[in-house]
Structures are given as structure tokens and as C-alpha cells.
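Please keep the sequence and the structure at hand while reading.

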Amino acid sequence: MTDSDSLHDHVTEPMAGPLAAPMADCCPRCAFEAVDTLHTSPVPGVWDVLQCRRCLYTWRTSEPARRTRREAYPEQFRMTPQDIENAPEVPALPPLRTSA
Amino acid sequence: MPYDDLRGFLDTLEKEGQLLRVTEEVLPEPDLAAAANAAGRIGEGAPALWFDNVKGFTDARIALNVHGSWANHALALGLPRHTPVKEQVAEFARRWDAFPIAPERREDAPWRENTQEGEDVDLFSVLPLFRLNDGDGGFYLDKAAVVSRDPEDPGHFGKQNVGTYRLQVIGRNRLAMQPVPVHDVALHLRKAEERGEDLPIAVTLGNDPVMAIVAGMPMGYDQSEYEMAGALRGAPAPIATAPFTGFDVPWGSEVVIEGVIESRKRQIEGPFGEFTGHYSGGRRMPVIRVERVSHRTNPVFESLYLGMPWTECDYLVGPNTCVPLLKQLRAEFPEVQAVNAMYTHGLLAVISTKKRYGGFAKAVAMRAMTTPHGLGYITTVIVVDEDVDPFDLPQVMWAMSSKVNPAADVVVLPNLSVVELAPAAQPAGITSKMIIDATTPVHPDERGNFSTPTKDLPETKEWTARLQRLIAESRR
């Protein structure tokens, strides 16, 4: 894989601004509007597990508002596109060994 | 009688009154994590927790806090549940000397009963995943024994590593993984990524209680965790061959997840509430593509709550951090009596030692910092005399308060290595380290007024027994 496969390059959907209205399917952490359903409850209709396509935050719809609602999501855990872009690589990529 | 799997151990915990089954319906969040968090707050005899009535799930079996008390840790080692901590560590150290005990290969592993492969892999359909702490980026596997091999020496059994690393479930068949640079799997990954190759990996969940202990144990690069498990169990560890990777994995696992770490790829991971009592993340971490899941029928999902100490994590990696340090120090310095490195996986260690000559205690402390585990962890070392019990913190505080003259006894060493997770590091991965020499100076270090220490009276031992007898009689 190369850097061109990295996460932020996949995402083309518009980004919600920080004041965007809270939506049921907006990411509570980074406010991105593209959210996938990873899993649904074995007992039908009880909860879904959702995931933000941008920051990969994953939550269950039955969790408390502080984990599921943008407006209630704690400031200290919020993430911006810059946070994702600038997140350090751990561990750092080593140089490729050349066969020569 | 050693346990070959998690289920056998849970049976014993239940018989000993150390497993609590919560039968009322609970929410996956926040109840499961809050209950496990609470277990760490109710005192030393806390039980393991079992949940099978979790809202929205039809088929969940969840075990938490399995190692989460000294009673449970004692039972994991096959010791009586009331065994004091210091004795558990001493017995652990005695058994260590039997290392290596070759494992026993069995090919009838119960996790072979059910398989998902390729496109059909869906971790959510096998594991009742849930969040631990509020700020966690998602649902984690945090008590797995993760197996990898040295890509340059794949046939070397000892270099095959079994370790515990945090794994975030970031898709039905994808896991983000944190290989801490000081840990063996990071060496394996580095070699694979230098060649531009994927690193095959096996993630085993729900293991026998000694397997969980050795997976979190700082061992030498070419030492086999399976051979150490054999020594601690007093019997060969049962292993089996994992079908996708061909790696050696525990025979008794509940679930075996296999795949590859995709070479030279990083994705956003975390944050995650860590053993340091602080969140770490988000950082861009390697990603595992899962190719095969093997699991028992009705698998038990074992997880571990960690947060502000003490939690299960501190019991799990307490003794197993003390003993390797004790052995590595004693190999060169037989004067070392005991090591208590139970605080935050050994970010702080208390060492008791006899003194060969003046300055010796500081040398012992510096050696502790340069052991394999010390390089990434030990940031503060308190050295005490041989008659101070490092597990008795009031005694340690006495030594610190009475023996330390800071100008000569506190040494700060700048810019040394530490795990990136250490919250006080600056920058991440770099910290100063401190030695507090709380031993009595000996010749030629002639400082202070220590020539006339008070010692317990020769008759005190006898009087201790006499008082205990009189107290017992007065209560009849």
C-alpha cells in the first residue's frame, strides 16, 4: 500500500462545519456526515453500530448522548480533519530496503 | 492442576466464590465497562464478572475482571486464594527457574469447530464488542495474546512472539494495532516493512489464565512465552497450529483471528484509555486485514477494563513485571533481594538490595533502567536497604523520609527512552529518569548519621505471637 491509499484521500464527501446542526447520522466526534453501519443488533431494532468514514469513530446508537450526539460529545475528545491529517505515525515507517 | 483454557479457570473461580454472574439485563454501554471499573474499586477480593444477558444481543457471553484481584491472580497460578502478594511474586520467581519447559502440541483445538474466511469474516458476528471508556475511538480487543514471527528467522520458535497489544476494531474484517516500538512485534513489523512485505499475525482471545500473564510479560527477544507458560504452569503449555498463518497458538483459545498487517500502511486509531490512567491517541497505526476467524461453539468474549489504577490490568501485569526485573538484576547483582515494579507496568520500581560498597545502590538502579523492560518503562527507581520490604509501602516511605539526602541521593538523568504512552514524556518517547537512593550509605560513602539504627528488639517476634494469641483469646 502507498500513502495514496490513506484514509483522508478516500473521502470526498463535504465536511460539516463546527456549527452544523446535530444529526442522528453525523459523527459525534468530527461532525463528518458520511457514516456507515457496521453491525445491527441481533435482536432487531435495538441498536446499530455506526462508524464515521473519516475519523473511524465507532459507536452504538444505544450509548449515552455524551458518546453519540455531536452536541453532547466532550470537547476534549473531538477531532478535526487537521488532527487526523497531522496524527503522528506509530511506529514510523522504516526506509524500504533496496534489493541492490 | 494447571488450566488448559479460560473455561476451566472460570469454573474454579466460581467454585471459589470468585466469579459473579450478573443475570439481570444490562446495556452493552456503559454497563459492562462500568461494572468492570467498579470491580477495581471494591477492594482486594473482587470477583471476575460474567454477563450473558446484554440488551440487543441474543448470544453474548462476556467475562471481565478475570485477573482482577489478588485472589484471582493467586488462583490463576494454582495458589490458595488468600496467598499474600509478596508470596505470589516469590512463588512466581521460583517457578521461573524451571524455564524453559517445551510446549505440548495438540491438534484437536476446540476453536477449529467454526470458521469464517475471506469475504465472510465479520468480527461483530463472533464477538459481542463494546466500548470501555468514554473517549475511546471505538471497540477494542485489549486482552488478546498476539502471535507473530521474525520475518528473517521464521523457523525460530523462541523469536516467535506472544504479546498483548491494543487492537481497535475498525471494520468487520479490520483491526488497527498498536505495536509499541520497544516491543517485539514492532521489531517483526519493521523487518517486514523494510522489505515491503505484509506481516502475518494471529490474534488469540479468551486464553487460559497463565497465557494472559506471559503475554504481558517482558521477556528476552528470543525467549518463548510458551516455554515460560510451561514453567509457570508446572506442565507443558498446550499449543496448536493456526490454519492460515501456520503459527503456534494456544490450544485452548476461544477465538483465533488470523490475517496480515498490511505493509507500510497507517490509519487513524484511538484514542484509548491506557494503563497509564490517561488516554493516548489518535495516531496513525498499522492495520490488520483479517483473513480467517476460527472459534469455539458459543465462544466466551474476555475483555479487560483499564483506566485510572488500580484496575484488572495492574493485577495482570504486576507480578509478571517484577519477576523478570528481579531475575535480570540478580544475574549480575546477587545482592538484590526483591523488586516491586507493580506501579503502571513498572514506570516506577522499588528495589531492595544489600550494598557491596558505597555507590552500589545507584548502580543497581541504573542497571534496572537498562534492562529490556527498563529501557521502555522504568522512569523512577527507589532503592531501599535489604531489610526494607519493597512491597510494604509504609516501610518504603520510612526509608525515603529518613535515609534520603536529596543533593546526593536523588539523581536525574536527562533524555532517556520510555514508551510513547508515558504521559509525562517530552517529547513522546523521551523522558528524564530519576534514582532515589534510600539506602543507608556504606563505606566509603560516609554521609549522614546512620551508625545507630533502632532495630526490632530480639524479643519482638515472640511478643508478636504472644499478643496475637492474647487478642484471639480475649475475643472468644
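## Conventions and chain A

Helices (H or I, at least four residues) and strands (E, at least two) are DSSP runs, numbered from the N terminus. On that basis, the elements of chain A follow the order α-β-β-β-α-α from the N terminus on, a total of three helices and three strands. The model is predicted: local features need pLDDT of at least 70 and side-chain atom pairs count only at pLDDT 80 or more, while totals for chains, interfaces and linings use all residues. Residues are numbered from 1 along each chain as its sequence is written, with chains lettered from A and ligands numbered from 1 in the order in which they are written.

A residue is called buried if 20 or more other C-beta atoms lie within 10 Å of its own, exposed if 12 or fewer, and partly exposed in between, with C-beta atoms placed from the backbone. Of the 100 residues in chain A, 31% are buried. Two residues are in contact if their C-beta atoms, placed from the backbone, lie within 7 Å. Among the contacts in chain A with a separation of 6 or more, 40% are between residues 24 or more positions apart.

## Domains of chain B

Domain bounds come from an automatic or database domain assignment. For chain B the assignment gives domain 1 (6-314) and domain 2 (318-438). The centres of the two domains of chain B, taken over C-alpha atoms, are 28 Å apart.

Between them, 23 residues of domain 1 of chain B are in contact with 22 residues of domain 2 of chain B. On the domain 1 side, α4(B) gives the most, with seven residues. By class, that side has 13 nonpolar, seven polar and three charged residues; here Ala, Val, Leu, Ile, Met, Phe, Trp, Tyr, Cys and Pro count as nonpolar, Asp, Glu, Lys and Arg as charged, and the others, Gly among them, as polar.

## A four-stranded sheet

Chain B has an open sheet of four strands in the order β1-β2-β3-β20, with mixed pairing; two strands pair if DSSP finds at least two bridges between them. Its edge strands are β1 (19-22) and β20 (301-303) of chain B, each pairing on one side only. The twist from one strand to the next averages 20°.

Strand β3 (residues 62-64) of chain B runs parallel to β20(B), and three bridges join them. Leu64(B) has Ser303(B) as its bridge partner in β20(B). Helix α1 (residues 6-15) of chain B packs on the sheet and touches β1, β2 (48-51), β3 and β20 of chain B. The direction of α1(B) makes about 95° with that of β1(B), where axes are lines fitted to C-alpha atoms, for helices over the stretch in contact, and angles run from 0 to 180 degrees between N-to-C directions.

## Buried parts of chain B

Helix α8 (residues 225-233) of chain B is largely enclosed by the rest of the structure, because nine of its nine residues are buried. They include Glu225(B), Glu227(B) and Arg233(B). The buried residues of α8(B) pack against α4 (85-96), β8 (161-163), α7 (209-215), β12 (238-241) and β13 (248-250) of chain B. Just after α8(B), Gly234(B) has a positive phi of about 75°.

## Contact between the chains

In total, 40 residues of chain B are in contact with 34 residues of chain A. On the chain B side, α6(B) supplies the largest share, five residues.
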